[in-house]
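Visitor: I've got a model open and I'd like to learn how to read it, feature by feature. Could you walk me through it?

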Amino acid sequence: MADTSAKANEAKKLGNAAYTKKDYAAALGHFTEAIRLDPTDHVFYSNRSACRAQLKDVDGALADAQKCVELAPQWAKGYSRLGASYYAAGELRKSLQAYGDGLKLEPGSAVLTEGLVLTQKALAAKASEIAENVRAAQQEIATREATRAAAAAEAQAQGSNAGSNGHTVAEDIIVGIDLGTTFSCVSVWRDGRVQVLPNAVGERTTPSYVAFTEEGERLIGQPAKAQAARNPGRTFYNIKRIIGQGYHEALEEVKRFPFDVKEKDGKPVINIDVEGKPRSFAPEEISAMVLEQMKRTAEANLGFEVKRAVITVPAYFNDAQRRSTQTAAAIAGLKVERIINEPTAAALAYGLDKQTEGLVLVFDLGGGTFDVSLLQIEGGMFKVLATAGDTHLGGEDFDAAMQDHLIGVFKKQNKGKDVIGDNPRACRQLRNACERAKRMLSSAVSADVEITVNGEEYNTSISRATFEKLNGPLFERCLASVKRVLDDAKVSRELVDQVVLVGGSTRIPRVQELLQEYFNGKQLCKSVNPDEAVAYGAAVQGAVLSGVRDKAMNALILVDVCPLTLGIETEGRVFAKVVPRNTSVPCSRTREFTTVEDYQTSVDVRVFEGERSITDGNHLLGEFVISGIERAKRGVPKIDVTFEINVSGLLTVTARDQTTGANAKIAIQNDRGRHSQEDVERMIAEAERLRLVDEQRVREAEQEYAEEDD
Ligand code: AMP
């Protein structure tokens with residue numbers, strides 16, 4: 001017996017040595033050995049708990065700490081381990097209790113006091129976050145009441161009868177627009193329900209395509225897509241994949257475009273000759289043309305001008321991408337009342353339709369982006385718990401993988417001759433054929449692909465198995481985001497009540513299979529229309545904001561989160577986090593910083609988003625200088641940096657010296673990815689000019705017809 005105990009202590013010593021050298025994995029092995037030899041020694045559990053905490057094994061660290069306290073309830077240090085473990089597990093009240101119990105045994109303990117204070121602070125922060133949510137909700141309800149009262153007063157003044165939906169004047173209407181990578185959709189709340197508004201050719205979704213013909217005519221939507229293969233250099237699509245990005249960030253995407261995209265002031269611009277003159281368009285301008293088309297569709301259906309919209313973006317869109325979407329709307333003549341996240345909008349559609357409650361995971365795989373969000377739906381409150389995704393993953397990537405594969409197949413068929421090569425027309429034709437084949441493979445096990453290059457016909461077929469193999473790694477990437485969302489929300493997969501599929505690419509059987517396997521065979525909800533659910537949710541939010549009276553909406557509150565961690569750069573390019581990812585929005589967070597040099601009176605504040613601890617790996621959102629800082633030794637001045645995120649997920653950063661009161665502020669706007677106010681005004685004027693040109697063309701065409709009839 002004595003011998004075993006000595007051996008156990010020997011193992012503990014080895015563990016302590018490894019721990020000091022920060023080799024936690026080795027230390028864990030030694031402490032486990034010590035416990036095996038003598039499972040009655042509380043110190044072994046305490047030490048292993050510390051190791052597991054270092055290795056981020058939260059559950060393991062907690063179990064060991066509990067065992068330690070159970071074995072030695074009078075040992076104060078055990079409570080310090082227990083407090084820290086509960087803290088890491090997010091159980092703040094239990095953590096507080098543990099530190100309190102420890103302090104009863106050892107009242108002066110610095111470690112226990114420190115832990116207690118830290119936990120109290122975290123609890124206070126959490127309470128203020130809840131209070132913030134409640135405040136936002138109350139504010140929103142008050143705004144709605146005010147809007148309703150104003151509408152009622154106006155109706156009375158005009159002597160008009162307010163309709164059952166509460167809309168009295170056209171200005172009230174706020175449409176919902178899903179500005180998709182491949183398709184867009186517009187909806188509105190009318191006659192007590194959401195209506196998807198069909199476009200001029202009677203379709204409920206419109207391709208997000210814009211083209212200029214050789215004759216200088218501008219085409220948007222279906223007509224633009226229909227001529228894409230014939231006119232590849234003059235047909236623009238997938239613009240959502242580059243909007244709000246610097247040229248170098250967008251480069252991978254740009255390489256795939258058959259149209260000309262160049263760098264200007266660090267941003268991508270799309271070049272083309274229109275009526276013999278070289279022209280360049282910012283991505284925002286092309287997206288604005290699609291939005292303008294959606295606005296026109298709404299106006300044609302409603303019979304009056306539409307000026308206000310709720311627009312959706314992928315949950316994983318960063319600040320720059322959101323602002324660029326807002327700019328595009330401004331160019332199109334639309335006021336964005338709110339930007340909402342696509343999966344949240346889809347959850348809104350699903351939740352209202354099915355009257356569901358509980359934990360709902362929305363899996364939104366569209367044409368160009370992938371989002372996954374976990375929501376808690378309860379009594380009209382739609383609270384996003386966590387979100388993750390990839391703004392460069394979607395149906396277009398599956399098409400591209402098939403295209404690359406088939407280029408090789410055709411090459412083999414033609415004795416090594418590359419029949420597609422750099423021929424943009426052949427490339428576009430093949431790409432379209434791949435998209436058709438991919439859709440076919442969702443219901444059939446093989447699909448034919450036929451193209452004609454320079455009058456020659458080429459054909460082959462592709463099986464579902466090959467398609468799945470080509471895209472296997474991309475499908476797996478989707479699952480990684482699902483896991484991350486559950487981890488971030490600290491929810492195990494068994495607790496998820498519903499898994500809702502949104503986005504055209506969720507029709508792919510393998511994607512459904514993988515998801516179903518992951519959720520242990522759970523039935524997936526396919527009842528929402530994957531093409532329309534997002535616009536539906538946006539229309540609901542539009543109705544809420546415009547003060548529509550409806551039973552389902554009165555209690556409706558959306559609480560979303562910020563998808564990426566936000567913070568600033570500190571000495572040594574270290575990223576100091578201010579707002580952790582998945583914090584509920586709107587929110588405001590302040591962190592104190594100081595100077596790094598003696599008598600430094602100004603500081604450069606560089607704002608980043610991302611998850612890396614060194615800023616090099618993160619995305620620079622903008623920077624500004626705060627001057628007028630207290631002249632003092634380094635480390636003495638106290639500068640409060642405050643991040644505020646509004647309900648649309650847009651960020652404002654302010655910095656303030658606590659002593660001198662000097663302050664500086666930016667709404668992140670003027671860095672590389674963004675356009676200045678003058679730029680935006682120029683783009684609005686240009687959009688107006690193009691609108692007039694289009695109208696003139698229509699008038700001329702009508703005139704011609706009339707003359708022919710004569
Ligand atoms: P969304 O952006 O949600 O409109 O999704 C459009 C994407 O869904 C495009 O990449 C389509 O090719 C893809 N898609 C639509 N229907 C199917 C289908 N039946 N099978 C596979 N992908 C599809």
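Visitor: Let's begin with aspartate 101: is it buried, partly exposed or exposed?

Guide: This is a predicted model, and the label comes from the relative accessible area. Buried means under 20%, exposed means over 50%, and partly exposed is in between. Aspartate 101 has a relative accessible area of 23%, so it is partly exposed.

Visitor: And which side chain does aspartate 101 meet in a salt bridge?

Guide: The general idea is that side chains of opposite charge can pair when their charged atoms come close. Here the partner of aspartate 101 is lysine 104, at 3.4 Å from N to O. Lysine 104 has a relative accessible area of 64%, so this residue is exposed.

Visitor: How are lysine 104 and aspartate 101 placed in helix H6?

Guide: They are three residues apart in helix H6, which runs over residues 92-105, so about one helical turn separates them.

Visitor: How many salt bridges turn up in a search of the whole structure?

Guide: The search finds 36. Some join into a network: Arg48, Arg52, Asp57 and Asp64 are linked that way. Within it, aspartate 57 and arginine 52 meet at 3.6 Å, N to O. Arginine 52 has 19% relative accessibility, so it counts as buried, while aspartate 57, at 31%, counts as partly exposed.

Visitor: Now the aromatics. What should I read off for a pair of rings?

Guide: A pair of aromatic rings is described by the distance of the centres and the angle of the planes. In this model the count comes to 13 aromatic pairs. Take phenylalanine 212 and phenylalanine 281: their ring centres are 5.4 Å apart and their planes are at 10 degrees, so the pair is stacked.

Visitor: Which strands hold phenylalanine 212 and phenylalanine 281?

Guide: Phenylalanine 212 is in strand S5 (residues 210-212) and phenylalanine 281 is in strand S10 (residues 277-281).

Visitor: What does an edge-to-face pair look like here?

Guide: Go to phenylalanine 410 and tyrosine 458, with 6.2 Å centre to centre and 70 degrees between the planes. Phenylalanine 410 lies in helix H13 (residues 395-413) and tyrosine 458 in strand S17 (residues 456-463), so this pair ties together parts 48 residues apart in sequence. Phenylalanine 410 counts as buried, at 0% relative accessibility. Tyrosine 458 is buried as well, with a relative accessible area of 10%.

Visitor: Which residues do ring pairs link into a cluster?

Guide: Tyr209, Phe212, Phe236, Tyr237, Phe257, Phe259 and Phe281. One of these rings has a charge over it: the charged end of arginine 428 sits over the ring of tyrosine 237, 4.2 Å from its centre. Arginine 493 does likewise with tyrosine 518, its charged end 4.1 Å from the ring centre.

Visitor: Zooming out, how is the protein chain divided into domains?

Guide: Domain 1 is 40-123, domain 2 is 336-392 + 473-557, domain 3 is 566-667 and domain 4 is 676-710. Taken over C-alpha atoms, the centres of domain 1 and domain 4 are 71 Å apart.

Visitor: Last one: where does UniProt place the feature "repeat: TPR"?

Guide: The unreviewed UniProt entry puts it at residues 8-41 and 76-109. In the model, residues 8-41 are 79% helix and 0% strand, with the end C-alpha atoms 9 Å apart. For residues 76-109, the chain is 79% helix and 0% strand, and the end C-alpha atoms lie 9 Å apart.

Key
Residues numbered from 1 in each chain as written. Predicted model: local features only at pLDDT ≥ 70, side-chain atom pairs only at ≥ 80, totals over all residues. Heavy atoms only, no water. UniProt positions renumbered as here; feature names shortened; annotations may be inferred. Helix = DSSP H or I, 4+ residues; strand = E, 2+ residues; numbered from the N terminus. Phe/Tyr/Trp six-rings, centres within 6.5 Å; stacked < 30°, edge-to-face > 60°. Buried < 20%, exposed > 50% of the residue type's maximum accessible area, 1.4 Å probe, protein only. Lys NZ or Arg CZ within 6 Å of the ring centre and 35° of its normal. Domains from an automatic or database assignment. Salt bridge = Lys/Arg side-chain N within 4 Å of Asp/Glu carboxyl O.
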